[in-house]
Amino acid sequence: MSDILEVTNLAMRFDKNTIFNNLNFKLEKGSLTALLGPNGTGKTTLINILMGMLTPSAGEFKFADDVRLGYVPQFRNIDAEYPLSIEAFVGLNAPIIKSSTVKKAIKKQLEETNLYQIKNTRMGEASGGQKQRAYLAQALLDNPNMIILDEATASLDPMAKDELMKLIKHLNAKHKITVLFVTHDVSLAHKYMQNYLYLNHGQIEHGEMSQFKEAYE
Amino acid sequence: MFAYGFMRNAFLASTFIAITCGTVGVYVVARNFSFLAHTLSEIGFAGAAFAVWLGIGPLWGMLLFTLLGSISVGELSLHSEQKESSISAISALFTGLGVLFLAISGANSNYATNILFGSIIGVDHQGVIQLIVLSVIVLLMIFSIQRPLNFDSFDHIGALAHGVKTGAISVIFLITLAMSVSIGAQIVGSLLVFILLTLPPATANYLGKTIPSMIAWSVFFALIGVWLGLYLGYITNLPVTFFIAVIEVAIYLVTYFTHIIKHKL
């Protein structure tokens with residue numbers, strides 16, 4: 001199978017502080033990969049580079065020409081008073097006057113992420129799991145073929161975690177969406193992911209999730 | 001009441017002010033810019049005083065100062081760790097300048113009161129046309145950037161992740177905010193223009209669940225405030241701005257407590 005991402009000799013330094021050095025890995029199209037590593041090892045920095053929000057100190061990365069990238073960031077500013085409904089939030093990246101095509105696309109993503117029944121619930125009043133699914137639905141509206149999720153399960157209870165992971169697996173199986181899932185939850189990655197990237201001490205390892213045994217130091 | 005030319009002018013001007021401030025206000029509240037709107041009001045006062053000193057129309061001085069002020073305050077609040085302190089400092093400086101310009105221009109205290117608290121007899125036919133043209137420009141600017149503005153205002157992090165040029169959107173929005181402050185101050189005064197930019201949209205936050213519905217509620221409450229305020233001002237001969245403030249605060253409080261009670265039951 002062909003690759004969707006190739007990273008070559010990637011390095012990142014902030015002043016004299018080296019975050020990582022000489023990272024090399026490839027992701028196959030349609031793969032399901034966990035980016036693992038303890039907090040503070042540079043997982044989000046790596047993602048920010050891949051998303052073009054940071055420039056690496058050295059090295060390069062190349063996405064496949066036909067890549068359509070979706071990204072679900074780690075933090076959002078959605079407080080309890082946030083007014084928009086789930087449906088309005090998911091459709092934020094669309095014109096205010098929506099064509100029937102856009103409306104259909106929003107409906108499809110709401111159904112895909114099991115949010116259609118509660119589409120009129122305010123985001124501020126939605127549960128953590130519902131919010132995460134809404135973030136995912138918003139990213140899916142662009143019809144991506146690769147999606148990067150940064151610590152999407154970090155603040156969720158076990159049931160909501162499983163629900164989100166099953167949804168991600170379903171998207172991968174049904175729509176062949178390549179998934180790069182950033183987490184420090186090894187057991188969750190074991191349960192749902194095929195491959196791993198393990199970032200620690202500035203180096204990266206790549207392999208099948210079933211082979212991943214290393215404990216965090 | 002409409003037999004008087006000044007009342008017709010005041011109604012027409014306030015209708016456009018309410019539509020503009022009600023619309024822009026939704027984004028002011030979404031972006032947590034309420035304090036900035038308040039500061040711009042004070043900067044507007046200094047601008048108007050500056051214009052009086054120069055001998056030009058107060059609207060132009062206000063536009064000049066609020067445009068310069070909104071960009072510099074916006075930059076400061078984006079890049080400074082001490083956002084509130086830096087806004088306070090600028091606010092203090094401009095209020096001081098306003099007092100200075102008024103003093104050296106030799107304008108009487110009545111004139112200062114008009115700038116600060118607004119005046120319904122201060123807007124002539126030409127003034128109304130200026131206000132309408134500026135209002136339409138603001139609304140067109142908002143409409144032309146509505147997609148990235150909506151995304152950035154209601155989900156800043158999501159917008160960044162989608163590659164929206166949030167910096168450029170912020171600058172354009174600050175320009176529309178400065179213009180709205182200058183427009184709104186013509187009737188309600190520079191001291192209280194932030195009422196129309198913050199209270200109707202804050203009320204709309206509890207009632208609307210989509211951006212168009214929030215804008216509709218916000219404009220509706222702003223219109224009720226200015227129309228009823230003008231009417232009550234006319235029949236009682238008390239300041240219009242007083243009525244607008246009381247009406248907007250009352251609508252906000254009723255909606256707020258209804259929301260609280262609903263969510264506790």
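Tutor: Start with burial: a residue counts as buried if 20 or more other C-beta atoms lie within 10 Å of its own, exposed if 12 or fewer, and partly exposed in between, with C-beta atoms placed from the backbone. The model is predicted, so local features need pLDDT of at least 70 and side-chain atom pairs count only at pLDDT 80 or more, while totals for chains, interfaces and linings use all residues. Residues are numbered from 1 along each chain as its sequence is written, and chains are lettered from A and ligands numbered from 1 in the order in which they are written.

Our part is chain B. Begin with B:Asn32. This residue has 13 C-beta neighbours inside 10 Å, so B:Asn32 counts as partly exposed. Find B:Asn32 in the loop between H1 and helix H2 (34-54) of chain B. B:Asn32 is not a glycine, yet its phi is positive, about 55 degrees.

H1 of chain B covers residues 5-30, and its axis comes within 8 Å of the axis of helix H11 (residues 211-236) of chain B. The two axes cross at roughly 150 degrees. (Axes are lines fitted to C-alpha atoms, for helices over the stretch in contact, and angles run from 0 to 180 degrees between N-to-C directions.) H1(B) and H11(B) are therefore roughly antiparallel to each other. (Under 35 degrees is roughly parallel, over 145 roughly antiparallel, 65 to 115 roughly perpendicular, and the rest oblique.) The crossing of H1(B) past H11(B) is right-handed. (Right-handed means the near helix is turned clockwise from the far one by less than a right angle; left-handed means anticlockwise.) Sorted by class, this contact of H1(B) with H11(B) has 17 nonpolar, six polar and no charged residues. (Nonpolar are Ala, Val, Leu, Ile, Met, Phe, Trp, Tyr, Cys and Pro; charged are Asp, Glu, Lys and Arg; the others, Gly among them, are polar.)

Follow H11 onward. B:Asn237 sits in the loop between H11 and helix H12 (240-264) of chain B. B:Asn237 has 7 C-beta neighbours inside 10 Å, so this residue counts as exposed. Phi of B:Asn237 is near 65 degrees, a positive value in a residue other than glycine.

Next comes H12 itself. The axis of helix H10 (residues 193-207) of chain B comes within 9 Å of the axis of H12(B), and the two cross at roughly 20 degrees. That makes H10(B) roughly parallel to H12(B). H10(B) passes H12(B) in a left-handed crossing. On the H10(B) side, the residues that meet H12(B) include B:Ile195, B:Leu199 and B:Tyr206.

Now see chain B whole. Chain B has twelve helices and zero strands. Its radius of gyration is 18 Å, close to the 18 Å that the globule rule gives for 265 residues, so chain B is as compact as a globular protein of that length. (The radius is taken over C-alpha atoms, and the rule is 2.2 Å times the number of residues to the power 0.38.) The C-alpha atoms of chain B fill a box of roughly 55 × 40 × 35 Å along the principal axes. Of the 265 residues in chain B, 51% are buried. Take the contacts in chain B between residues at least 6 apart in sequence: 73% of them join residues at least 24 apart.

Last, the partner. The contact takes 18 residues from chain A and 18 residues from chain B. The side of chain A that touches chain B has eleven nonpolar, five polar and two charged residues. Chain A has six helices and nine strands. Its radius of gyration is 18 Å, close to the 17 Å that the globule rule gives for 217 residues, so chain A is as compact as a globular protein of that length. Buried residues make up 41% of the 217 residues in chain A.

Methods:
Helices (H or I, at least four residues) and strands (E, at least two) are DSSP runs, numbered from the N terminus. Two residues are in contact if their C-beta atoms, placed from the backbone, lie within 7 Å.
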